[in-house]
Amino acid sequence: MAEDLHLAETTVKSHVSSILARIGAGTRDQAVAFASEVGLVRAGTDWPWPA
């Protein structure tokens, strides 16, 4: 992900940690569950943006 965004890996890790803290998630799995609960993603669907 970092390479695709032209960012340092440590920058991406920092952003992920910040997001997890803001939503009160301890893991990425919990962040996905949160996103599903608030309607950002739906189970069984493709990523909402084209690749």
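Predicted model: local features only at pLDDT ≥ 70, side-chain atom pairs only at ≥ 80, totals over all residues.

Trainee: Where is lysine 13 found?
Mentor: In helix α2.

Trainee: What does lysine 13 form a salt bridge with?
Mentor: With glutamate 9; the closest N and O atoms are 3.3 Å apart. Side chains of opposite charge can pair when their charged atoms come close.

Trainee: How are lysine 13 and glutamate 9 placed in the helix?
Mentor: Both lie in α2, 4 residues apart, which is about one turn of the helix.

Trainee: And glutamate 9, buried or exposed?
Mentor: Exposed, at 53% relative accessibility.

Trainee: How many salt bridges does a search of the whole structure find?
Mentor: The search finds 1.

Trainee: How far is the C-alpha atom of lysine 13 from that of alanine 2?
Mentor: The separation is 8.9 Å, with the two residues 11 apart along the chain.

Trainee: Changing topic. What is the secondary structure overall?
Mentor: There are 3 helices and 0 strands, so read from the N terminus the order is α-α-α. Helix α1 covers 2-5 and α2 covers 9-23, while α3 covers 28-37.

Trainee: Which residues make up the largest nonpolar core?
Mentor: That core has 6 residues: Ala2, Val12, Val16, Leu20, Ala25 and Ala31. Helix α2 gives the most to this core, with 3 residues.

Trainee: Where does alanine 25 sit?
Mentor: In the loop between α2 and α3. Alanine 25 counts as buried because its relative accessibility is 12% and the buried class is under 20%.

Trainee: What does alanine 25 touch?
Mentor: Leu20, Gln30 and Ala31, if residues up to four places away in sequence are not counted.

Trainee: And which residues is alanine 31 in contact with?
Mentor: Leaving aside neighbours within four places in sequence, alanine 31 contacts Leu20, Ile23 and Ala25.

Trainee: How much of the protein counts as buried?
Mentor: Of its 51 residues, 14%. The protein exposes about 4600 Å², and carbon and sulfur atoms supply 57% of that area.

Trainee: Which residues make the nonpolar surface patch?
Mentor: Met1, Leu5 and Leu7 make a patch of about 320 Å². Leucine 7 lies in the loop between α1 and α2, and at 38% relative accessibility leucine 7 is partly exposed.

Trainee: What about the phi of histidine 6?
Mentor: Histidine 6 has a positive phi of about 60°, although it is not a glycine. Histidine 6 is placed in the loop between α1 and α2.

Trainee: Is histidine 6 buried or exposed?
Mentor: Exposed, with a relative accessibility of 73%.

Trainee: Last one. What pLDDT does the protein average?
Mentor: The average is 87, and 86% of the residues score at least 70.

Methods
Residues numbered from 1 in each chain as written. Heavy atoms only, no water. Patch = residues over 30% accessible without salt bridge, like charges linked within 9 Å, V, L, I, M, F, W, Y side chains within 5 Å. Areas by Shrake-Rupley, 256 points an atom, 1.4 Å probe, with all protein chains shown as cover. Salt bridge = Lys/Arg side-chain N within 4 Å of Asp/Glu carboxyl O. Helix = DSSP H or I, 4+ residues; strand = E, 2+ residues; numbered from the N terminus. Buried < 20%, exposed > 50% of the residue type's maximum accessible area, 1.4 Å probe, protein only. Core = buried A, V, L, I, M, F, W, Y, C linked by side-chain atoms within 4.5 Å. Contact = heavy atoms within 4.5 Å. pLDDT = per-residue confidence, 0-100.
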